[in-house]
Amino acid sequence: MTASRLATGGSAIDRSRPIRFSFDGTSVDGFVGDTIASALLANDVAVVGRSFKYHRPRGIWGAGVEEPNALIDIGGPRATPNARATTEPAREGLVAKSVNATPNALADRNAFLDRFSRFIPAAFYYKTFMWPDWHMFEPRIRAMAGLGKVDTDWTSPGTSDQVNHHCDVLVVGAGPAGLAAAKLAADADLSVTLVDDQRKPGGSLGHRAGDIDGGPAAEWVEATIAGLAGGGHLILPSTTAFGIYDHNLVGLNQRQFDGRPDTLWRVRPRRIVLAAGAIERPLPFANNDLPGIMSADAALAYLRRHAVLVGKRVVIATNNDSAYEVAEAIAEAGADVALVDIRRDGMPVAPAKVRQFKGRTLASAAGRLRVEGVTLDDGTRLDADCVLVSGGWTPTIHLFGQARGKLAWSEARAAFLPGNPVDGIAVAGAAAGAVSLSEVFASAEKAAASLGQTKAAIPRSTGPEATAGIVAAWPMPGSKGRIWIDYQNDVTVKDVELAARENFVSVEHLKRYTTLGMATDQGKTSNLPGLALMAGITGRTVPEVGTTTYRPPFTPVPLASFAGARVGELMAPVRRLPLETVHRAGGAVFQEYGGWLRPAHYGGRNADAVRAIQDEAFRARQSVALFDGSTLGKIEVIGPKAAEFVDFLYYNTMSALRPGRCRYGFMLSENGVVFDDGVLVRLDEHRFVVSCSSSHVAAVHARLEEWRQDRFGRGAVYIHNATSEMATLTVSGPNARTLLETVGFGLSLADAALPHMAIGHGSYAGDEVRIARVSFTGDRSYEISIRADRAEPLWAHLRQAGQAFDAVLIGLEALMILRAEKGFIVIGKDTDGTTLPHDLGSDGPRTKRQTEYVGRRSLFTEEASRPDRMQLVGLTVPQGEAALATGAHGVERRGGKLHSIGFVTSSYESPALGQPIALGLIERGAARHGETIEIQHLGKHRTATIAAPCAYDPAGDRLNA
Amino acid sequence: MQLFPCPFCGPRDETEFHYGGDAGNARPDGGDVPIDRWANYLYLRSNPKGAAREIWVHMNCGEFFVMERDTLTHEVLSSTALGEEHTA
């Protein structure tokens with residue numbers, strides 16, 4: 001028994017509320033207020049995990065976010081891999097497991113790897129397993145390395161909340177500097193948001209000595225928090241500011257302890273005060289990674305917050321003054337303490353009952369599964385069950401770095417401090433290099449002043465004042481033994497030396513070659529020692545080596561937080577028809593088409609679907625078909641220059657259109673490629689309706705707006721997207737007119753009054769309807785547009801009246817067959833990103849139009865004039881053969897090699913023709929009608945004959961039948 | 001996340017905006033525009049490091065505008081609605 005819980009004390013724990021959880025299958029007792037780490041220490045669990053690469057036994061290093069070793073997988077309904085035991089609250093019934101250890105941390109069967117460590121330095125695997133292929137070895141190597149395991153049974157605990165928040169001042173860190181800055185800002189009548197990653201505010205004041213304004217620091221913390229809360233300011237405990245993004249957007253990750261997932265905050269403060277403190281560094285000596293070797297400050301935190309004494313025989317090694325308070329407290333708590341100080345003079349007086357070794361360093365530690373003793377550089381051996389180290393303090397300036405703040409090297413602090421000021425951001429406290437409380441408060445005042453807050457008095461330090469007194473103790477090249485720089489990634493001094501030998505001397509290269517500073521802790525304890533070592537190896541100074549780029553997140557953030565509510569259907573919401581429920585009741589099977597949820601077919605599912613679709617397409621040609629075409633674009637173009645506008649937007653001349661008439665045309669992109677096709681309706685002199693493809697409504701609308709604003713001006717044209725305001729019900733087939741006449745719309749449907757490509761205005765049940773005689777089936781068709789909310793009675797009426805005509809409801813799949821029989825194209829299916837209008841047989845405007853239009857110049861390039869362009873064709877197959885595969889290539893043999901001459905774009909069984917039909921884009925296709933070509937699909941070859949695109953009723957008689 | 005000032009709606013998150021191209025990339029009209037000139041208009045972008053004049057559209061209100069910004073520091077220098085220069 002070495003580490004233990006003291007009988008009294010512990011500011012964070014509630015001894016009246018004991019809890020029990022399991023770690024690696026063993027029961028662990030603790031109290032509410034414990035972290036998993038503090039409870040494990042109280043139960044003297046030394047080995048809490050295995051290292052990434054060598055499977056070395058590892059113990060708890062720290063007491064906060066910097067923890068490199070004590071990663072655990074939390075099981076159960078809210079499983080989390082790689083949680084830090086030092087920040088994860090212990091709770092009743094929790095199941096925790098060590099990482100990278102089989103079956104457990106204490107008896108890991110891959111521990112043998114460590115004996116081969118001298119053969120597997122940095123980059124060993126990449127260099128060794130190159131032949132024949134790294135990917136052959138990768139799965140097994142990956143299985144042996146790595147940290148936590150993802151629980152494949154994980155289920156979402158629900159939607160992660162996302163909160164947008166604005167305030168005058170955001171203060172990051174509720175230690176003495178942050179609290180003082182928050183108070184100064186609040187006293188200046190600014191709205192303050194104060195965030196801290198601990199459950200209780202106070203920062204270092206929670207375990208370091210200090211008196212403020214004449215009383216204990218704890219009382220000042222409590223009074224300051226009460227004052228802020230009373231003033232209506234927002235205080236967020238258990239919340240980490242993990243990133244500063246462009247224009248000072250700050251991301252916060254708020255832990256929830258009631259079963260809810262974490263909450264993501266997006267904060268837009270006017271000003272930011274960064275008071276995130278500092279992180280203690282390790283010291284370099286051989287075997288400095290043994291369990292039982294930990295941060296001196298962490299040991300003090302466990303003692304004073306959790307009443308855990310980390311050892312009975314404790315060696316403390318330091319290069320600065322901060323360890324003296326630790327030595328005094330640990331000795332007072334009853335441990336035998338030896339203090340090894342690198343300095344010969346200028347250090348504080350050794351506390352009572354503490355043996356002091358001046359001018360000495362640790363050479364090595366010994367022990368198997370935990371530290372058993374140390375050897376000093378003069379050969380002195382000391383027994384120890386715990387070694388506490390303080391290698392100095394690294395200011396937590398990650399957020400400042402993310403905000404593009406430049407760092408300045410301070411020799412006096414042996415650390416990088418914030419350099420040039422960043423607009424709207426001030427750094428205070430230990431993060432700015434302050435050590436004593438007086439310095440901390442002075443830096444808070446300076447931060448407040450730089451943000452324009454100077455009104456109130458700052459707190460005074462009235463107790464003992466901390467001192468720095470640091471003498472740098474960086475890892476040295478050529479050191480004996482295995483000295484760990486980065487615990488989490490198993491990077492030693494020798495690995496950094498190897499990187500330098502192989503010329504990976506840039507700090508960014510060093511990181512990637514050795515993995516120094518990667519993984520979940522992002523090198524919070526290791527980066528500075530690593531780059532200082534590289535400086536020593538290459539004869540440069542630390543600032544000459546520099547730091548790697550600071551990037552968010554500071555600590556891991558659940559991906560679910562970034563997703564928030566944007567999951568499942570909300571990730572990409574589908575557009576829905578006004579009559580969806582009616583269609584469902586009518587037996588429709590729905591599918592998504594270009595963002596719209598539409599009936600694919602009515603009746604028939606799975607294997608029967610094909611038959612149902614064929615049946616719909618067949619019957620549509622017999623009598624009359626009803627189809628919901630509400631998704632068709634209905635974008636109105638209104639204004640004095642509307643005609644000029646549509647002329648410019650369309651490839652075809654549209655201004656010649658008479659009011660009440662429609663015309664089919666293409667819209668091109670500026671590179672000449674066909675962007676959309678559709679029917680343009682001219683309602684009156686200055687009013688058009690662009691009926692674009694269903695899936696292109698948003699894109700066409702955006703394009704119209706762009707040209708309107710950029711070329712014509714806001715006053716010349718007005719664009720209104722009325723697509724969702726109206727439902728469009730299509731009636732198609734030889735009996736379409738007869739059916740409509742039985743319904744009656746108060747207008748003449750005679751062909752003379754309403755010919756093909758004309759519109760008429762009528763009414764139904766008191767509502768205006770617009771009837772457009774356009775056809776996508778090749779049969780006589782009427783598109784009836786009515787207010788979306790009044791469409792249901794009309795649809796019911798059409799269905800009821802249709803019974804007398806054996807009317808059939810058709811879905812989109814049958815419509816696709818009908819239009820393909822006619823050779824009508826779908827943009828993006830029968831065209832690709834190179835198709836020009838003349839490839840589709842529309843050469844008239846290109847050769848004749850004299851006025852300007854979008855894409856015009858691109859139709860006359862060398863490329864656009866090539867004789868071997870792919871052109872739209874129909875394809876037929878020999879009698880009795882099955883339909884071609886969509887996507888199959890037309891091929892030719894040229895010089896013994898197969899060469900693609902195009903591909904099949906649409907292919908169906910045609911029930912009207914009783915044989916397969918297909919459309920395709922084939923080189924020189926327009927001039928090759930009647931020619932038989934070779935078709936290749938998935939290695940199989942067959943033939944097809946090129947034909948005109950229109951396979952059914954080429955004369956167009958059925959339009960007026 | 002950058003804040004872009006829509007001249008009509010004020011500062012909004014950059015995710016609400018789409019890029020619309022270089023400002024001042026005037027369209028040459030005509031079927032006989034020299035092909036190099038047309039290619040410049042279609043494809044060539046200056047992609048400056050530093051100050052840039054760009055067209056952006058605020059998707060929420062649908063309005064296009066000219067924004068001057070620094071592509072390196074992400075500082076927004078100005079934002080103005082498109083003029084009515086084409087309407088004459």
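User: Let's start with helix pairs. At what angle do the axes of helix α4 and helix α5 of chain A cross?

Analyst: Two packed helices are described by the angle between their axes and the distance between the axes. In this predicted model, the axes of α4 (residues 176–187) and α5 (residues 217–230) of chain A cross at roughly 35° and come within 10 Å. The crossing of α4(A) past α5(A) is left-handed.

User: Which residues in α4(A) and α5(A) meet?

Analyst: An α-helix has 3.6 residues a turn, so residues three or four places apart point the same way. On the α4(A) side you find A:L179, A:A182, A:K183 and A:A186, and they meet A:V221, A:T224, A:G227 and A:L228 of α5(A). By type, the residues of this contact are five nonpolar, two polar and one charged.

User: Can we try another pair? How do the axes of α17 and α18 of chain A cross, and within what distance do they come?

Analyst: Here the axes of α17 (residues 642–649) and α18 (residues 697–712) of chain A cross at roughly 115° and come within 11 Å. α17(A) passes α18(A) in a right-handed crossing. A:F645, A:F648 and A:L649 from α17(A) meet A:L704, A:W707, A:R708 and A:F712 from α18(A). That contact divides into six nonpolar residues, no polar ones and one charged.

User: Now the cores, please. Which residues have the most contacts inside the largest nonpolar core?

Analyst: In soluble globular proteins, nonpolar side chains tend to be buried together. The largest nonpolar core in this model has 106 residues, and A:V637, A:V646, A:Y650, A:L680, A:L729 and A:V731 have the most contacts inside it. Helix α21 (residues 812–821) of chain A gives the most to this core, with seven residues. Domain 5 (625–818) and domain 6 (819–960) of chain A both give residues to this core, so the core lies between them.

User: What is A:L729 in contact with, leaving aside its neighbours within four places in sequence?

Analyst: With those neighbours set aside, A:L729 contacts A:L626, A:D628, A:I784, A:A791, A:L794, A:W795 and A:L798.

User: Which residues of helix α11 of chain A are buried?

Analyst: In α11 (residues 507–514) of chain A, the buried residues are A:V507, A:L510, A:K511, A:Y513 and A:T514. They pack against β32 (491–492), α10 (493–501), α12 (527–538) and α13 (542–545) of chain A. Just after α11(A), A:T515 takes a positive phi of about 70°.

User: Moving up to domains, how far apart are the centres of domain 1 and domain 3 of chain A?

Analyst: The assignment places domain 1 at 1–155 and domain 3 at 282–391 of chain A. Taken over C-alpha atoms, the centres of domain 1 and domain 3 of chain A are 24 Å apart. Their contact takes 26 residues from domain 1 and 22 residues from domain 3 of chain A. On the domain 1 side, α1(A) gives the most, with three residues. That side divides into 13 nonpolar, nine polar and four charged residues.

User: Last one: what pattern does chain B follow along its sequence?

Analyst: Chain B has one helix and six strands, in the pattern β-β-β-α-β-β-β. Of its 88 residues, 14% are buried. The contact between the chains takes 18 residues from chain B and 21 residues from chain A. Helix α1 (residues 35–43) of chain B gives the most to the side of chain B that touches chain A, with three residues. The residues of that side are eight nonpolar, eight polar and two charged.

Terms used: Residues are numbered from 1 along each chain as its sequence is written. Chains are lettered from A and ligands numbered from 1 in the order in which they are written. This is a predicted model: local features need pLDDT of at least 70, side-chain atom pairs count only at pLDDT 80 or more; totals for chains, interfaces and linings use all residues. Axes are lines fitted to C-alpha atoms, for helices over the stretch in contact, and angles run from 0 to 180 degrees between N-to-C directions. Helices (H or I, at least four residues) and strands (E, at least two) are DSSP runs, numbered from the N terminus. A crossing is left-handed if the near helix is turned anticlockwise from the far one by less than a right angle, and right-handed if clockwise. Two residues are in contact if their C-beta atoms, placed from the backbone, lie within 7 Å. Ala, Val, Leu, Ile, Met, Phe, Trp, Tyr, Cys and Pro count as nonpolar, Asp, Glu, Lys and Arg as charged, and the others, Gly among them, as polar. Domain bounds come from an automatic or database domain assignment. A nonpolar core is a set of buried Ala, Val, Leu, Ile, Met, Phe, Trp, Tyr and Cys residues joined through C-beta atoms within 7 Å. A residue is buried if 20 or more other C-beta atoms lie within 10 Å of its own, exposed if 12 or fewer, and partly exposed in between; C-beta atoms are placed from the backbone.
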